[in-house]
Structure formats: structure tokens, C-alpha cells
Amino acid sequence: MTSTSKAVLAEINTWIEVMTFPETEPLQIPEPAAVVATALEHFSADFTSSPTAVGEALDNIACRRWGEGDIAAWNAEKSWNIGKQGYRGDAIGLLLGLGIGIGKGQSGPELIASGVDEYEAHCEREGADSGERRWNEKWAKETIDYLSDPASARAALTRTDLLTVDDYT
């Protein structure tokens with residue numbers, strides 16, 4: 001992991017808290033914010049250049065799962081904001097798994113499986129249905145494709161409007 005700022009780690013921790021509340025089983029991953037930062041930085045340090053860059057990445061990852069990939073249309077739809085906290089939490093779950101896999105030197109199908117395993121574990125901890133594994137694998141692959149695209153990193157780097165948890169209620 002590069003020298004990730006305290007503000008970026010705090011932003012990631014905010015969404016880890018959203019992801020883990022009110023789960024009854026605590027998260028058993030040491031320094032989960034650093035794991036998520038590692039996952040993002042593996043593709044580009046631009047994703048962790050600021051708290052807003054983290055938000056941009058989380059929104060785009062969540063949109064690939066829940067918004068059919070059209071982030072502009074999804075952002076224009078105000079009725080989804082109340083659920084956005086949970087959607088970002090799901091994105092954090094996937095990124096945790098990707099970060100764990102990256103830390104183990106995984107790539108390709110192994111990395112996808114690592115991301116999906118952690119997302120599904122998150123859903124299980126909160127008593128939610130994670131959906132069919134094949135769709136979760138498709139989402140993980142689309143997420144890796146998004147993170148691998150230099151245009152995505154540039155968009156994250158240039159985002160300036162930080163939305164907080166309070167903005168979604």
C-alpha cells in the first residue's frame with residue numbers, strides 16, 4: 001500500500017462501519033481499511049487520492065451491481081439515495097475480498113473468487129441473500145474491469161464533491 005492519507009482511510013472506515021452495522025458477527029479482517037486501500041491502489045493510486053476518489057470508486061462499483069452500470073442515470077435517480085449506504089457497503093465487501101486476494105498474489109479467476117467469497121460472507125453475516133454466485137462473479141469481473149480502466153482512475157482523481165453518510169438520508 002502506498003502512503004494512504006488518514007482522510008482516505010477514515011472515509012473507507014466510514015463505509016466499513018456501514019457494511020458491518022448491525023451485523024452480529026464482527027469482521028475478522030485486521031485493518032480492513034488498509035486492505036480496501038490496497039485493493040484500490042493495486043489498480044491505481046488515483047482511487048485513493050482523496051476521500052472523494054474513494055466515493056467515486058465505491059459508487060461505480062455499487063452501480064455495477066445494483067444500478068445496471070449506468071452511473072450517470074443512477075446518480076440522477078434520487079429515490080435510490082436512501083439505499084446507497086448499503087450499496088457502498090456491498091462494494092466495500094467485494095473490495096475487501098479483492099484486497100485479500102491481491103495480498104495473496106491472486107489474479108484472474110482466483111481474485112474474482114476471493115472478492116465474491118468476502119462479499120457473500122458479508123451478506124451472510126448480515127442475514128441477507130447475496131444472490132446467485134454467477135452474478136456475483138460477473139459483478140466482480142466488471143469491477144476489476146472498471147478499476148483497470150485508466151479513465152475510471154482519472155474520473156476518481158478529478159471528483160471534487162464529497163458525499164457523506166448524511167447525504168444519503
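Student: Which residues are linked with Asp117 in a network of salt bridges?

Tutor: In this predicted model, the network of salt bridges joins Asp117 with Glu120, Arg133 and Glu137.

Student: How many salt bridges does the count come to?

Tutor: The count comes to nine salt bridges. Side chains of opposite charge can pair when their charged atoms come close.

Student: Let us take Arg88. What is the N to O distance in its salt bridge with Glu11?

Tutor: The side chains of Arg88 and Glu11 meet with 3.7 Å from N to O.

Student: Are Asp59 and Arg88 buried or exposed, and why?

Tutor: Asp59 is buried because its relative accessible area is 2%, and buried means under 20%. Arg88, at 1% relative accessibility, counts as buried too. Glu11 is also buried.

Student: What about Glu118, which residue does it form a salt bridge with?

Tutor: Glu118 pairs with Arg125, and their closest N and O atoms are 3.2 Å apart. Both Glu118 and Arg125 are buried.

Student: Changing topic: how many aromatic pairs are there?

Tutor: The count comes to two aromatic pairs. One of them is Phe47 with Tyr146, a tilted pair with 5.8 Å centre to centre and 50 degrees between the planes.

Student: Where do Phe47 and Tyr146 sit in the chain?

Tutor: Phe47 is in the loop between helix H2 (32–43) and helix H3 (51–66), while Tyr146 is in helix H7 (residues 133–148). The pair links distant parts of the chain, 99 residues apart. Phe47 and Tyr146 are both buried.

Student: What kind of pair do Tyr119 and Trp139 form?

Tutor: Tyr119 and Trp139 form an edge-to-face pair, with 4.9 Å centre to centre and 80 degrees between the planes. Tyr119 lies in helix H6 (residues 108–125) and Trp139 in helix H7, so the pair ties together parts that are 20 residues apart in sequence.

Student: Buried or exposed, those two: Tyr119 and Trp139?

Tutor: Tyr119 is buried, with a relative accessible area of 1%. Trp139 has 2% relative accessibility and therefore counts as buried.

Technical notes
Residues numbered from 1 in each chain as written. Predicted model: local features only at pLDDT ≥ 70, side-chain atom pairs only at ≥ 80, totals over all residues. Heavy atoms only, no water. Phe/Tyr/Trp six-rings, centres within 6.5 Å; stacked < 30°, edge-to-face > 60°. Helix = DSSP H or I, 4+ residues; strand = E, 2+ residues; numbered from the N terminus. Buried < 20%, exposed > 50% of the residue type's maximum accessible area, 1.4 Å probe, protein only. Salt bridge = Lys/Arg side-chain N within 4 Å of Asp/Glu carboxyl O.
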